[in-house]
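Visitor: I have a structure to go through and would like a plain walk-through. Can we look at it together?

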Amino acid sequence: MSNTLKNGWSTPAAIALPKEGYFKKEDGRYGPVFPQTPANYGFTVIVKVKPGREDAIREYGKTIEDAVKGSPNVLAPLKLHYLRWVLFDVGSGLHFMYQGIFDTDFDKYMEDAIALFNSTGVTTVFVNLEGFPDDWRTNINAVVKFFREHQCPSFLEYGEYPYVSADEIKKALKLKDAFSAMLDQMQ
Amino acid sequence: MLELEDVQHYLLTRPHATIAQYNFISFKNAESGCKWVNDIAEIVGTVKTVMAASETDMRWVSLAFTFNGLRKLGVDETSLATFPEPFRQGMAARAQMLGDTGINHPDNWEDNITSEDLHAVIILFARDKEERERCIKKHDEYLKDNPGVETLSSLLIEAVPPYDYVHEHFGYRDRLTTPVIEGLGIEPTPGSHPSSKAGEFFLGYPDETGIIPLQPQPEILSKNGSFLAYRKMREHVGAFREFLKANGKTVEEQELVAAKLMGRWRKTGAPLVLCPDKDDRELGFDDKKNNSFDYEKMDPHGYACPIGSHIRRMNVRDSGVSRIMNRRLIIRRGGTYGPYLPEDADDDGANRGIAVFAGCADLSRQFEFLISVWANDPGFEELNEKDPFAGSINGAFEMTIPKRPIKKKVKGLNAFTTVTGGAYFFLPGIKALKYLASLK
């Protein structure tokens, strides 16, 4: 990515973000665009869980595990680095935190993401959350609105190897493997 | 089943026209506007009539409206509020997101297209020049009797030589891929997208999700309608030819560079994935073969068809990039304007390019996604580039061509294209036209 070339991946970088999560308001198709940071693009969605739904949500961990096992590239269009799903209760009821780090502006691919969630059965986990739109199957705008309303922008992000994409990391590891194989042949 | 007797023919049929004209129209008041719609609606062709057209048909007319146009005709505010936001705002208001900045900014657009007084477009196709002139003269005379309607600007659309294949000013063969709609008796060619549900392009029908999405109200106004995204792009033919010369020593090399930008050979449309080294005329003109390819399996690294080439960006064909290609389709209509620049001539600085309407049911999900993401997102597949033709490029242009042992960068001093116009329109069904005409 251009930022990698400009700043160098080998210099760790941190960025402090304003409360809104962006420096300058730039409208995307669904609302303000959140900028790329040294930790790439990402979101942190935190939503209260409907009473009695904890086990149902935990079950979905297995659903995703199986989906990826069955078809390792199932989430490829999302250009993900990591997903983290966390359930916690700090005294105000059970909350679900969905944190993702990826290499595309999420808004740009929002419809793709929702279609993927639908096809892998992920979307139905969100039905256990308070405020998730009843017409989620048909009303993409309502789903986007839900995610945006529950997004908590970071006020600090850090990257040990800033702005590097998952594809670049995979290419570097493939190169390393290829060199190892080459050196084996030289023995 | 699509109501073919109520849908305007524009997005579904290609009349045997050689020439067209777009007239951009303004209404001074509702009475004049409604009268004009009423009078013109009589001659608007439906899919049914144009499909059954005889060889003697000479002209075809289509009508579409801006948001301001619907308001001016008297559509009430409650109904107007049910139209989707991109249409309500208009294309110019969404320039930043679409990438229309710098030289491509709406402040520089032509034909009064950003005027608040732009209310409608009348699209005329004619069999020949004489018929076009007759029709335009007749319309001009009609406007004398209805002075509340005026023409803000006009654009003449005409094919450029050589006439043996459809192409734009750079010489690229066009119309090789177009979505096919279920139930119309047309089978997609091998390798093309499966037939689309009518609701992807026409309001009031189930789309690919299987349901009928929420539609603008009242239903009589929205049913059988489509949204049109109008885009005028100036083509800098001199800059393009200089680019080819700077990046290719021989004519053959230049032709290969041209093909690498597009992903297809210029004169035949033969896809690089299937014939990477040499043009293949027979393949290009064989509809059973010229879309019968993918990237993921056949050319994953882009050695044949660069990942940044126009067709690979705008129609990704690759489930690793998108799982919902069937929801990103548009029906393109339009052609070239401006004089032909002969092969051996220096650039004369004349204004020439393409003026295209993209038809869809959802401007944001379909048209705006294609332009803002696949054409203009530098992050697309890590390339740090924009689409060589559909991208809004300010200044120097660069594209990566994957090549062994190392990739090659082709560079140009200037972009080949500049966005010089754009607007969103609503193309209503026939009953809707009559409804609009009856508002006053």
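Predicted model: local features only at pLDDT ≥ 70, side-chain atom pairs only at ≥ 80, totals over all residues.

Visitor: Start with the interface. How many residues of chain A are in contact with chain B?

Guide: On the chain A side 22 residues make contact, and they meet 25 residues of chain B. The area buried between the two chains is about 1,900 Å², with carbon and sulfur atoms giving 52% of that.

Visitor: Which residues in chain A lose the most area to chain B?

Guide: Those are A:R29, A:K108 and A:Y109, which together account for 29% of what that side buries.

Visitor: And how many salt bridges across the interface?

Guide: The rule finds four between chain A and chain B. One of them joins the side chains of A:K79 and B:E381, at 3.2 Å from N to O.

Visitor: New topic: α10 of chain B. What is its span?

Guide: α10(B) covers residues 251-262, so 12 residues, and it reaches 17 Å from first C-alpha to last, close to the 16 Å expected at 1.5 Å a residue.

Visitor: Which of the residues in α10(B) are buried?

Guide: They are B:Q254, B:E255, B:V257, B:A258, B:A259, B:K260, B:L261 and B:M262. The buried residues of α10(B) pack against α9 (237-247), α12 (310-314) and β8 (397-401) of chain B.

Visitor: What follows α10(B)?

Guide: B:G263 does, and its phi is positive, near 95°.

Visitor: Where is B:M58?

Guide: B:M58 is in the loop between α2 (47-51) and β2 (59-65) of chain B. With a relative accessibility of 30%, B:M58 counts as partly exposed.

Visitor: What is B:M58 in contact with, neighbours within four places aside?

Guide: Its contacts are B:F125, B:A126, B:R127, B:D128 and B:E131. B:F125 is 67 residues away from B:M58 along the chain, yet their C-alpha atoms are separated by 8.3 Å.

Visitor: Back to salt bridges. How many over all chains?

Guide: A search of the whole structure finds 39. One is between the side chains of A:K62 and A:D66, at 3.9 Å from N to O. Both residues lie in helix α2 (54-70) of chain A, four residues apart, about one turn of the helix.

Visitor: Which salt bridge links distant parts of the chain?

Guide: B:R332 and B:D174 form one, with the closest N and O atoms 3.4 Å apart. B:R332 is in strand β6 (331-337) of chain B and B:D174 in the loop between β4 (149-158) and α8 (219-222), 158 residues apart.

Visitor: And B:R352, buried or exposed?

Guide: Buried, because its relative accessible area is 1% and the cut-off is under 20%. The side chain of B:R352 meets that of B:D347 in a salt bridge of 3.6 Å, N to O, while B:D347 is partly exposed at 38%.

Note on methods
Residues numbered from 1 in each chain as written. Chains lettered and ligands numbered in written order. Heavy atoms only, no water. Contact = heavy atoms within 4.5 Å. Buried area = accessible area lost by both parts, 1.4 Å probe. Helix = DSSP H or I, 4+ residues; strand = E, 2+ residues; numbered from the N terminus. Buried < 20%, exposed > 50% of the residue type's maximum accessible area, 1.4 Å probe, protein only.
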